[in-house]
Amino acid sequence: RERSKAPVKTWTNVWMTDTHLNFAFDCEEPEMDRVISSKFDFADLKAANDNMVGVVFCPSGRLSYLCQVYLTSAGSISAAYWTREGKKWVPMVWTPQISSSVELTSSGWHGEFSIPLSALPPIPGELSMNFVRTRAIKSRTTRILWGDYPDYYTDHTKFGKIVFE
């Protein structure tokens with residue numbers, strides 16, 4: 001199947017310090033005046049349909065945990081933590097102190113967030129991860145994924161790998 005081209009570019013940087021797992025996104029957006037973005041509560045995963053960037057990842061190296069963190073261009077962080085029970089993902093209570101920032105420009109936006117490592121299982125040097133960007137502008141919404149597969153972007157068997165050196 002041919003991979004479709006994203007209508008805009010998104011650059012991502014991931015790094016780990018002794019205390020945090022960090023993410024930065026630079027989002028090209030030639031229609032900033034048409035962006036639709038809202039404020040959301042911390043655990044509200046409806047943020048996935050807003051103008052946002054995010055990650056879905058397996059923090060333990062095992063596929064028994066799944067974390068989702070979304071950052072909207074309005075500055076809201078939304079997060080969830082799931083455990084695997086058989087073939088089903090079950091939501092867990094997860095309230096890490098995620099710090100974030102957003103900067104808007106006429107040609108796009110920059111967002112960053114940082115998750116305390118103390119809020120995650122030990123990370124074994126690599127992460128199974130997928131990046132997602134939802135581009136929400138008046139009259140249309142487009143979901144852009146790192147992986148090249150159907151829209152269900154939490155399919156951990158299709159994630160890429162981030163290796164920390």
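This report describes the strands, aromatic pairs, nonpolar cores and cysteines of one predicted protein model.

Because the model is predicted, local features need pLDDT of at least 70 and side-chain atom pairs count only at pLDDT 80 or more, while totals for chains, interfaces and linings use all residues. Residues are numbered from 1 along each chain as its sequence is written, and side-chain values use heavy atoms, with hydrogens and water left out.

**Strands and sheet**

Strands are DSSP runs of E with at least two residues, numbered from the N terminus, and two strands pair if DSSP finds at least two bridges between them. An open sheet is built from 4 strands in the order 1-2-8-7, with antiparallel pairing. Its edges are strand 1 (10–16) and strand 7 (99–105), each of which pairs on one side only, and from one strand to the next the twist averages 10°, where axes are lines fitted to C-alpha atoms and angles run from 0 to 180 degrees between N-to-C directions. Strand 7 is joined to strand 8 (residues 108–116) by 7 bridges in the antiparallel sense, and the bridge partner of Ser101 in strand 8 is Glu112.

**Aromatic pairs**

Rings of Phe, Tyr and Trp (its six-membered ring) pair if their centres lie within 6.5 Å; planes under 30 degrees apart count as stacked, over 60 as edge-to-face and the rest as tilted. The whole structure has 6 aromatic pairs, and the table gives two examples.

| Pair | Kind | Centre to centre | Angle between planes |
|---|---|---|---|
| Phe25 and Phe131 | edge-to-face | 6.2 Å | 75° |
| Tyr65 and Tyr81 | tilted | 5.7 Å | 40° |

Phe25 lies in strand 2 (residues 20–28) and Phe131 in strand 9 (residues 126–137), so this pair links distant parts of the chain, 106 residues apart. Both Phe25 and Phe131 are buried, a word that here means under 20% relative accessible area, with exposed meaning over 50% and partly exposed in between (1.4 Å probe, protein chains only). Tyr65 is in strand 4 (residues 65–72) and Tyr81 in strand 5 (residues 77–85), so their pair ties together parts that are 16 residues apart in sequence. Tyr65 counts as partly exposed because its relative accessibility is 23%, whereas Tyr81, at 9%, counts as buried. One aromatic cluster is formed by Phe23, Phe25, Phe57, Phe113 and Phe131.

**Nonpolar cores**

A nonpolar core is a set of buried Ala, Val, Leu, Ile, Met, Phe, Trp, Tyr and Cys residues joined through side-chain atoms within 4.5 Å. The largest core has 29 residues, of which Phe23, Phe57 and Phe113 touch the most other members, and the elements giving it two or more residues are strand 2, strand 3, strand 4, strand 5, strand 8 and strand 9. Apart from this core lies another of 7 residues, among them Val56, Cys58, Leu66 and Trp82.

Contact means heavy atoms within 4.5 Å. Leaving aside neighbours within four places in sequence, Phe57 is in contact with residues including Leu21, Phe23, Tyr65 and Phe159. Met52 belongs to strand 3 (residues 52–58) and counts as buried because its relative accessibility is 0%.

**Cysteines**

A disulfide is a pair of cysteine sulfur atoms within 2.5 Å, and the structure holds 0 of them. The closest cysteine sulfur to that of Cys58 is in Cys67, 8.3 Å away, which is too far for a bond. Cys58 counts as buried at 1% relative accessibility, and Cys27 counts as buried at 5%.
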